[in-house]
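Please look through the sequence and the model shown here before reading on. The paragraphs after it are meant to be followed with the coordinates open.

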Amino acid sequence: MTVRHDRADGMRRRRFLTNAALGGATIIGATALGGLDAEAAFAAEPSLDPAIAKSTFVEGRITGITGSILEVAGSNGGHSRVQMTNVTSVWKVRATTAEVIEVGDGLYARGVKMPDGTVAADAVWVNIVNLDTQIRGIAKNRLHLAHGQHELVGHVAPDASASYAGRALTSDLSRLRIGQSAQVLGAWRPSDNSVDVVRISVGH
């Protein structure tokens, strides 16, 4: 694909998302604009739109929800407004809908900045975490993990997967061992500060 094609495609995407924010788009599924997979949130260059020099991201805690607008207090002290559209993809442990988003949730969003300063989101990851941990204990359907100086419980999701030494993901978690260093991709539970484990990688 040529640079001209990239730019043309990028402009189409931006126009599409802008229209979606204004209610003019009827196509469902923002994954057409970019990956929703949890790992996409942590990709090195998760650019949505090659026509935009720098992708727009928002992170922080949701302090209010008014209609389709999420009010977000950033960890750096700033404040952002995220516009959910009829094409915004939502991840909260798994692909879901905007109805599951709650005040108090953590948010990581990717989108396009609108003229009024809001960010029209093409993808929103709710409470997503990517933690370097050590396995301290293994029980049925949960792991006891150490993250820095903190201990936390990891609830193993029914469809959780594991990767051993960089190999392909598998549903077999029986090879996890106490004492292993583990990278955990999952979702934080604000109510008790535990996490839902979606993917765990050891020996990487």
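What follows goes from the barrel to the loops, then to the other strands, the cores and one arginine.

This is a predicted model, in which local features need pLDDT of at least 70 and side-chain atom pairs count only at pLDDT 80 or more, while totals for chains, interfaces and linings use all residues. Residues are numbered from 1 along each chain as its sequence is written, and side-chain values use heavy atoms, with hydrogens and water left out.

Five strands form a closed barrel in the order E8-E9-E10-E12-E11, with mixed pairing; strands here are DSSP runs (E, at least two residues) numbered from the N terminus, and two of them pair if DSSP finds at least two bridges between them. Neighbouring strands of this sheet are turned by 55° against each other on average, direction ignored, where the axes are lines fitted to C-alpha atoms and angles run from 0 to 180 degrees between N-to-C directions.

Two loops deserve a look at the backbone. Most residues other than glycine have a negative phi. Asn141, however, has a positive phi near 65° and lies in the loop between strand E8 (128-139) and strand E9 (142-147). With a relative accessible area of 52%, Asn141 is exposed, the classes being buried under 20%, exposed over 50% and partly exposed in between (1.4 Å probe, protein chains only). Ala165, in the loop between strand E10 (150-164) and E11, also takes a positive phi, near 55°, and counts as exposed at 52% relative accessibility.

Strand E1 can be followed next. E1 (residues 56-66) runs antiparallel to strand E6 (residues 106-113), joined by six bridges, with Gly60 opposite Leu107 in E6. Five bridges also join E1 to strand E2 (residues 69-73), again antiparallel, and the bridge partner of Arg61 in E2 is Ala73. The hairpin of E1 and E2 has two residues between the strands, and in this hairpin Gly67 takes a positive phi near 60°.

Which residues touch the most other members of the largest nonpolar core? In this core of 16 residues they are Ile135, Leu145, Leu176, Val195, Ile200 and Val202; a nonpolar core is a set of buried Ala, Val, Leu, Ile, Met, Phe, Trp, Tyr and Cys residues joined through side-chain atoms within 4.5 Å. E8, E9, E10, E11 and E12 are the elements that give two or more residues to this core, and the largest share, four residues, comes from E12. Leaving aside neighbours within four places in sequence, Val195 is in contact (heavy atoms within 4.5 Å) with residues including Val129, Leu131, Leu152, Ala187 and Trp188. A second, separate core of 14 residues includes Val58, Ile62, Val90 and Ala121.

Finally, Arg136 lies in strand E8 and counts as partly exposed, at 43% relative accessibility. The side chain of Arg136 makes a polar contact with the side chain of Gln134 (3.0 Å), a polar contact being a pair of N or O atoms within 3.5 Å, of which, within protein, one must be able to donate a hydrogen and the other to accept it, with residues adjacent in sequence counting only if both atoms are side-chain atoms. Apart from neighbours within four places in sequence, Arg136 is in contact with His144, Leu145, Ala146, Glu151 and Ile178.
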